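Biologist: Hello! Could you walk me through this protein model, one question at a time?

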Amino acid sequence: MSQSNLEQISDESAEYYAILNIPREASDEDVRRAYRNLAQVYHPDKHTDPEQKIRAEDAFNRLQEAYEVLSDPHRRQVYDVYGKEGLAAGFELGTKLDSVDDLKAKWEEFKRKQEAERAELLSNHRGVYMCRLDLSNPRASLAGERPLFRAATVTNSIDMQVGESDVVYLQGVAALRANAGAGSLIFGYRRVLSQHDTLDANAVLGARPSATLTSTRQLTPYTTASLTTSYTVGQGTGMQVSTTRHLPYNMQATLGWVVGPPAASGISFNITKRGTKYLASGKLELGAVTSVSAKLVYHVSPSVHLRAIARAGHTGIDLELGAGRKWGRNTVGYIGSVVGLQGVAVKGRLVRGGQTFEVPITLSNQYSDYKALAAAYMLPPLAYIAVSRYVVRPLVRWQRQRRERHLQQQHADAIRESLQKAFSERSLIEPVARRKARAEAAKRPTAGLVVLDAVYGKVEEYLAEGGPQQRAADAAAAAAAAAAAAAPAAAASSTAEGPDLAAVLTAAVAAAAPAAAASTSGGVSAAAAAADASVDRGTSHGEASASGRDAGGDGGGAGGAADAAAPLPPPWLSVTAALQYQVVDSKLTLHPGVPKKNQMGFADPSPGSTETRLLYVSYLYGNKVYQVTVDDTDGLQLPGAGEVISEQAKMRGLLHLGAAAHGVTELLQPVSSGGDVTPRPG
């Protein structure tokens with residue numbers, strides 16, 4: 001079973017627990033108690049309004065479904081293991097899950113997937129593309145006095161499996177250096193003779209044709225040996241013997257001996273050690289090619305590594321320092337600087353899906369050129385920062401946003417329906433949530449838990465540039481100042497009693513309404529949302545906000561064309577009333593491991609998004625305002641979580657939003673006894 005299927009089952013098996021807001025280990029009594037508490041609000045008989053009764057029926061059916069499963073020990077066990085699909089399929093624990101026909105269908109599906117994976121392995125394509133540039137004298141190169149491109153090499157190979165133990169491969173090489181080109185084609189065949197033996201044969205067609213035969217045998221569980229014989233036109237017969245041995249402490253050593261032809265004879269020794277975060281290797285060659293080299297790769301994190309390579313031989317000495325980063329599963333980028341007797345250069349490399357692109361750039365032919373040295377060691381980190389910040393990150397972000405917008409457009413109707421369902425559920429509990437908020441506010445200053453503002457989804461967009469809190473605070477201050485200026489006598493009398501709280505509250509809600517307008521897709525205007533939120537008329541800001549900001553409306557009543565042209569809902573929704581309803585005795589508990597999108601009054605505002613959904617909550621406890629942000633499956637216990645908000649403007653804005661959401665103007669009035677003093681509006 002794939003990881004995505006496992007995650008889907010895990011998500012489904014937590015939905016019913018989220019509906020009742022209970023942990024997975026909840027007892028039968030906890031299930032009954034949670035069901036009874038929610039049924040007091042969502043049962044259709046509790047509502048007389050016809051529209052509310054219809055909403056209650058839909059919500060109660062969802063609640064009843066969760067209770068019927070979790071109250072039945074057997075069905076609950078099946079649900080915990082297999083999710084809702086297991087219940088629908090009639091799975092049972094401890095017995096045979098599938099019929100013969102089902103087992104045959106699953107076996108055929110498994111074979112089809114296996115054949116598809118095997119087909120992908122039948123052709124393994126790899127390529128290396130290298131282009132060497134010379135920028136030691138850019139003016140001369142641009143004027144045509146010296147070549148800008150010093151060398152280019154292209155290597156492509158493809159492996160094709162033609163049987164259980166047979167592989168045919170084809171490789172092509174083309175090179176250009178100093179205005180002279182060369183190329184060759186390699187045809188090869190590889191066969192696994194047994195568990196310990198492999199035979200490889202290839203023929204090279206090019207300027208100097210050759211044929212090679214290699215036999216490899218595993219001598220012991222830790223030792224492998226190979227023998228290679230070759231014949232090259234113009235050079236004669238050659239032979240090479242090599243052996244590889246696995247050593248203790250994660251080490252491996254390879255010894256090779258080229259017997260002939262004489263022009264290529266020599267001996268080589270290579271040793272490698274692999275650690276938890278590093279890979280170190282060294283190589284010594286003696287004979288036709290004499291050199292010594294050392295390499296160290298250190299992984300700073302799973303996606304970032306540092307690399308250092310030192311080489312010395314008859315062609316010179318050089319040192320390479322660089323860093324690489326992994327982007328995604330199949331893409332690795334690398335950039336480094338090379339300083340040696342042949343000059344100073346920088347090297348860039350990109351590896352993606354078996355294809356390697358490399359561009360070495362020569363900055364100077366003198367290793368003592370301090371300007372080139374400075375550029376070689378400064379350009380790689382600067383280039384990495386620039387490419388990562390201004391190319392890779394924006395491109396990845398653009399692709400993610402494009403994919404998410406496409407998913408939102410594709411499932412816009414389903415998203416609106418889900419958000420509308422969440423609004424309908426919250427509209428049923430808002431009267432109870434308002435009563436609870438008023439009762440909690442009366443417990444100040446020693447206690448009292450009031451949820452002022454709560455948002456679920458991509459909360460960064462909601463809180464951008466100060467969010468509705470800052471707009472509400474600014475508008476409330478402006479309204480209070482305007483009222484004082486327009487009526488000096490009223491302003492003087494309000495010194496003790498405060499300004500007109502209803503007017504200030506309406507202004508604060510109107511300032512926060514641009515967020516509602518931005519997310520409205522069904523004709524609920526910001527002005528209407530603000531006007532309907534007036535406390536004097538007894539309508540909560542949460543309901544007006546939910547109807548436009550969260551649910552996105554029903555399409556504005558203009559038919560299917562209007563629905564299609566409606567803007568997409570925002571990637572977040574307000575859950576202030578849904579959380580306030582769950583407050584009991586000045587405490588709020590959300591259990592860990594349960595996705596919050598499945599709770600009553602919640603919904604997933606951005607299905608298909610790879611970003612983790614967050615829950616932002618600002619709340620008043622006593623006379624202090626707190627804020628906290630948690631992940632989708634993290635637990636939350638209030639009070640006791642979050643940080644105190646000390647900024648007066650933000651505190652005022654949140655108090656106005658909370659007062660508007662619950663219709664509790666007492667939140668705007670100062671409390672004189674003990675502790676901090678709640679700031680007065682304006």
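Biologist: Where does isoleucine 267 lie, and is it buried, partly exposed or exposed?

Modeller: Isoleucine 267 belongs to strand 10, and please keep in mind that this is a predicted model. Exposed would need over 50% relative accessible area and buried would need under 20%. Isoleucine 267 has 39% relative accessibility, so it counts as partly exposed.

Biologist: Which strand gives the largest share of the nonpolar patch?

Modeller: The nonpolar surface patch covers about 920 Å², and Ile267 is one of its residues, along with others including Trp257 and Phe269. Two or more residues each come from strand 8 (236-247), strand 9 (251-260), strand 10 (266-274) and strand 11 (278-287). The largest share is three residues, and it comes from strand 9.

Biologist: Which kind of peptide bond joins glycine 260 and proline 261, cis or trans?

Modeller: Proline 261 sits in the loop between strand 9 and strand 10. Most peptide bonds are trans. Here, with omega about 5°, the bond between glycine 260 and proline 261 is cis.

Biologist: What is omega for the peptide bond from leucine 638 to proline 639?

Modeller: Proline 639 is in the loop between strand 23 (636-638) and strand 24 (643-644). The bond from leucine 638 to proline 639 is cis, with omega near 0°.

Biologist: Is tyrosine 249 buried or exposed, and what is its phi?

Modeller: You can find tyrosine 249 in the loop between strand 8 and strand 9. Its relative accessible area is 68%, so tyrosine 249 is exposed. Most residues other than glycine have a negative phi. Tyrosine 249 is not a glycine, yet it has a positive phi of about 60°.

Biologist: What about aspartate 585: is it buried or exposed?

Modeller: Aspartate 585 lies in the loop between helix 17 (576-581) and strand 20 (588-590). This residue also has a positive phi, about 55°, although it is not a glycine. Its relative accessibility is 60%, so aspartate 585 counts as exposed.

Biologist: How are helix 3 and helix 4 arranged, roughly parallel or roughly antiparallel?

Modeller: Helix 3 (residues 28-42) and helix 4 (residues 50-70) pack with their axes 10 Å apart, at an angle of about 170°. Angles over 145 degrees count as roughly antiparallel. So helix 3 and helix 4 are roughly antiparallel.

Biologist: How many helices and strands does the chain have?

Modeller: Let's finish with the whole chain. Of its 682 residues, 38% are buried. The secondary structure comes to 18 helices and 24 strands.

Methods:
Residues are numbered from 1 along each chain as its sequence is written. This is a predicted model: local features need pLDDT of at least 70, side-chain atom pairs count only at pLDDT 80 or more; totals for chains, interfaces and linings use all residues. Side-chain values use heavy atoms; hydrogens and water are left out. Helices (H or I, at least four residues) and strands (E, at least two) are DSSP runs, numbered from the N terminus. Buried means under 20% relative accessible area, exposed over 50%, partly exposed in between (1.4 Å probe, protein chains only). Patches are made of residues with over 30% relative accessible area and no salt bridge: like charges are joined within 9 Å, nonpolar side chains (Val, Leu, Ile, Met, Phe, Trp, Tyr) within 5 Å. Accessible areas come from the Shrake-Rupley method with a 1.4 Å probe; for residues, only the protein chains shown count as cover. A salt bridge is a side-chain nitrogen of Lys or Arg within 4 Å of a carboxyl oxygen of Asp or Glu. Axes are lines fitted to C-alpha atoms, for helices over the stretch in contact, and angles run from 0 to 180 degrees between N-to-C directions. Angles under 35 degrees count as roughly parallel, over 145 as roughly antiparallel, 65 to 115 as roughly perpendicular and the rest as oblique.
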